[in-house]
Structure formats: structure tokens, C-alpha cells
Amino acid sequence: MCKHLVGSLFGLYSILLCSNSYAQSVLPEVAVEDSAAFRRAIISSASPLLHFSSANIQALGLKSVAEALRLANGVTVKDYGGLGGMKTVSVRNLGAEHTGVLYDGVPVSNCQAGQIDISRFSTDNINAIRMGIGAPTEMLTPASAEPFSGNLYLTTPNDDKASELKLSYGNWNTINTSARFSKRIINSFVNYSHTDGDYPFTLTNGTLKTHERRNNGRTDAVNGEINASRDFATESNHRSHLSAKLYYYYSDRQLPGGVIYYNNEAHERLWDENCFVQAKYELQLGRQWEMQFIGKYNHSWNKYFDGNQIDDGEITMHTYRYRQDETFLSVGVNYRAARTNDRLQMAVVVDETWNTLRNNIPEVGRKYRTTTYSTLRIRYHEHWFTANASLSYTFLNETRNQKRFTPSVSMSVKPWNERQIFVRASWRQAFRLPSFNDLYYYRLGNRDLRPERTNETNIGLTYSGHLPAGQLSVTADAYLNRVHDLIVAFPTTFAWKMYNYGKVDIKGLNVMAEYRQKSVMVNVGYNLNDARNITASSTSRYSRQVPYTARHSGNASVIWQNRLVNVGYALQWMGKRYSSLMHERQYRLPSFDDHSLTLTKIFMVSKRHCEVSLMCKNILDRQYEIIQFYPMPGRSFFLSVKM
């Protein structure tokens, strides 16, 4: 299968090289670095927008997308086991299934589990990380991103200025090596990572404390991609841009599992393979019309081995295999009402996806899903006022057809011309479809599940101003989310079962301040989150904080650039929380703080840039858990060299 994808991309590459049109930079480039214009766009945005540039990522020594998002306000990263474990991201405690991921503008999907493992994305090939909370504000964003409560945008480098080689080594035999090559219209990247994952931790059982090591934690992963892009121009002033990507990922992971008292045995293992080819064609017809066409074919395969499974009181070994195939098409048209400005824009985007899931579970068999997403977007923009509105329609063709309209409105107002103060507000409806696992998983699925529905309200204030020694930016957002038909697993007589479970209210406040001058940048964030179960039928758990939700949390980072050595410092802090709706002592997770420090030196070697970084994670060697019984690594050191 993947051989055919390789042939398709290289065939496209040949077409691009043989074209008679001269390649020019005719389309305006999107600013992805931390420029002043982009910071103004964040302050004036009608919806909360979080951004990490490549410069910030390197200065803070962030090795993965998950590490960066742990420093983002209003975003929760669930980490299942530290170094090689799965990592998912949720926005304002709505669950990872409510978060979409777009890789170079094209959605990444997983219809089996409904959530994306972001641990597979390395920052070595990321130019910018952006998290949008609420409906997408870019006019031609694929319509399938509209139902999500938040979208994670990952952008890869598209320049041909340099090639890079990087090698990193750290505790527990953790190795990461990557290479990126750029030439003309081709940009390629390959990465290999390995860790033994056998880090130490302290096991506490009442007054007894023992020193243990994580077992069965080895991970090997390799991924690579080839990107091709080219600009075209015609005599009629039509401009177009064609880009294509071939991506491959493979991992072999031992799963350490949760800590069990007096039993350090673990025999679970997971193999993942994913490859896709995608192409995007953007066409600008004069000043008023713009079109976008996206096509993608995605193939993923995984195998899960469980050597510990207990079946009818006996320990047995089971192997489960899953194969997903998806075809995705998106067509969008954007119209500007005036030739001279972008004051009023209207766009229509239609997506179509065809999903197939195959597995070796006889009771489930082969499943098919066809989904159509349609979105109408309207945007009005003045220097002091911005308004966005959208109406989306989703039609799911499966065993039970489902239809859903989801509206969205947002606005940003600048009350005073002489001050950079904006007031913003938004309201929208969002939902998430049940995954194949929710519907059909052996002994767990429920084919009568309804989609989760959320009503989301946000009101915020943003400020940007100059101080005598630098610039200060502040954003504050208060929000209220209500979730209906929450999908949860309930225990029955013999096995757990999926059900729709009533209502959850989520109230919160996100505050973030950024101070910057020529050589120093400081970020500080605070989150107040009150997420409660308000299902009346669950009287014993009514009005309890939902699991893994800390009422108070925060983060901070400092970047200091100087001639001797660049310094990056990051802090994540999280208050107490519970792993269950039953707020009892055995389910309580204590608060923790995690500090990291990165020192970076850049110099020239034989006319080549050389960057050496030394990073220390968890400086204070705190032992903590993000997910109960999955201890995180203690103090660790990593040395990286990049040429």
C-alpha cells in the first residue's frame, strides 16, 4: 500500500519539475513566526488563539508537541506513562475527542478511537504550533474542523534555505536523531527515536515506600515525510499554489501499564503504522475569488497484544488487529465583496469522508462510515470591529443516520482608538460523533449512542501596550460550557458498557500575560476550572468535579537571549484533582510543579551553524502522576547537537 503512495508523490514531483510555468513567490506567505503582526492578530482575534513559534520551541527545548501544549492556557495534555506513552490533548476539559488536529491545513483523523496521539509529532519538523479555541476563523479551513471545540494547527517548514542534522541523547538510553533536507521545491524529513523507558519511581503503599523501576517501557519509532510545493502565475493575473505531502510513521511500543502493588509484570505491546498522501491546490482568481481543493488518502494499521488479560478467571493472551482506510475530499470557495479590501468575506466549504474499519474480532466485523460536512462562513472586518458567523451541517451515513446543524458567532470590538484594548465574545454549538470503539468495541460498544453536544460561551478582554522597557500583552477569557449526552463507560454485570450520561457544566477563567523586550520574553498563565457533573440521577456524585480536572493550574516560561548562552525556563503547576467522581482519598492526586531548564549555545563550525543544547527536565525531581498509577519520569538530562 505505502509503495503506491510513494509512487504517487514522486509522480507528482515529476509533473511539477516538468512544468513550463516559472515558479515564483506569487502568493502571500502566512506569517508563522512570532512577528509583531501575528501578535496583533492574536490580541484582536474574536476567539482565543494560542501560538508557539519555532524560535520559542527551540529556546525552551520542547522535544514534542505535547511538551509545548503543556505550557498552553486552557489546554490539558493527558500523558499515559511518560516517555513512550500515549499523549492526548483536550480543550477546557471537553475531552480529547473534541479536539481536532490539522497538519499543514489538512485534518488528521482516527475514526476508531476518536482521538489523536500527539506524541508522534516531533518539534524537529514543526515551524509553528497554534491552538484555536472555538470555531475556525480562517475562511477556507476544511468543514470537518468545524464541529470540534478546539483545533490544533501544526505547520511544517516550507523553505529551501538549509538542511539540518540533529542528534539528542538522554537518560534511560533515550535517543532521538533527525534530518531535514531542502532543495528547490522539495522538503524532506526523517526521524528515529528510542528509549528504554525504565526510569525509577517510588511506590507508596500506606506507610511502606519501595523504590521501583518502570517495566516494559521500551519504545522505537520512525517517521518521515516528503513535501513538494510550487507556485504558478498566469498572464490573466490568476495565481495558484500546489502542495503535496507523503507521510509515514511506524512505532513498536511496550506498554508499562498502570502500577500494581507487588506486581511489576507487564506484557502489553502495541504496534502502529500510518501512512498517507495528501495534496492541496489553492487558486486565486483575481482579487475577489479564491478556491481550495484538498484530497487525501490515509491508511493506518495497529496491533495490540495483551499477555495479561483475564478471561473467565484465567490469564490468557490476546492479539487484536485493526486496519483503517480513509478517503477525504474538500472543496472550498471564498468571495471578497470588494476588490480593494477584505472587509466582507463569504465562504462555502464542503468535505466528504469515506471510512472503513477492519479487525479480527468476529463479533464486530467490517464497519463503514460516510460523513458529509458543509459549512457557510461569513466574516466582517474593520480596524475596530471583527465579526464571524458560521452554520455547519453534518450528515453521518452509517447503521443509524444522524444529522446535525451547528451554528457559531463571535466578535471582537476595540472601544478606544488610542488604546490596544479589545473585548471579545463568542457562542457556538459543537458536537463529537461516537467513535467506532464507542459503538462496536467487543463487550463495550453501544450502537444506540447519540453524539455528545456542547453549548460554549466565551467572553474575554485583551490588551497590548508599550512599557518603558518593553511590551506587555494580557488576555483574559471567562467561559461556560455545557455538555449534553456525555459518552461514558458504566460497569454492568459482566463487562463495562458505553452509555449517554446526562450533563456536565464547565466554568472557567484563563488569564495569560506576556512581557517582551529585545532579549527577554516572559509568559505567565493561570487557569481556574470548575467542571461539575450535574446529572440529577447520579445523586451520590452530583455536583462533583469531573475526573482529572484541577480547579487551579498555571504555567510560566522565560526566554533570555545573550551572547554567552541562551537560557530557557519552563514551569507547569497543577493543583489537586481526583481520578473518579467519588472524591475519596484513594482517588486523590496531589498537586505538583514541574520545572525545566534549557541552555543553548549557537556558533559557527566550518561556515555552518552549530547549535548545542543541554536540557534538564523536572529539575526538583518531583514524582507525580497526570493519570493515576502512571508515574512520570523524575529528573533527567538531555544533550542535543544540531548542524
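A nonpolar core is a set of buried Ala, Val, Leu, Ile, Met, Phe, Trp, Tyr and Cys residues joined through side-chain atoms within 4.5 Å, where buried means under 20% relative accessible area with a 1.4 Å probe, protein chains only. This is a predicted model, in which local features need pLDDT of at least 70 and side-chain atom pairs count only at pLDDT 80 or more, while totals for chains, interfaces and linings use all residues. Residues are numbered from 1 along each chain as its sequence is written, and side-chain values use heavy atoms, without hydrogens or water.

**Chain**
- The protein chain has 643 residues, and 52% of them are buried.
- It contains five helices and 35 strands, taken as DSSP runs (helices H or I, at least four residues; strands E, at least two) and numbered from the N terminus.

**Cores**
- The largest nonpolar core has 35 residues, and Leu69, Ile129, Leu152 and Leu154 have the most contacts inside it.
- Helix α4 (residues 65-69) gives this core its largest share, four residues.
- Leu69 touches Val75, Val77, Val89, Ile118, Ile129 and Leu152, leaving aside residues up to four places away in sequence; contact means heavy atoms within 4.5 Å.
- A second, separate core of 14 residues includes Leu270, Ile361, Val364 and Met498.

**Sheet**
- Five strands form an open, mixed sheet in the order β1-β6-β7-β4-β5; two strands pair if DSSP finds at least two bridges between them.
- β1 (49-53) and β5 (106-108) are the edge strands, each with a single partner, so one side of each has no neighbour in the sheet.
- β1 pairs with β6 (residues 128-133) in the antiparallel sense over five bridges.
- Phe52 has Ile129 in β6 as its bridge partner.

How values were computed: Buried means under 20% relative accessible area, exposed over 50%, partly exposed in between (1.4 Å probe, protein chains only).
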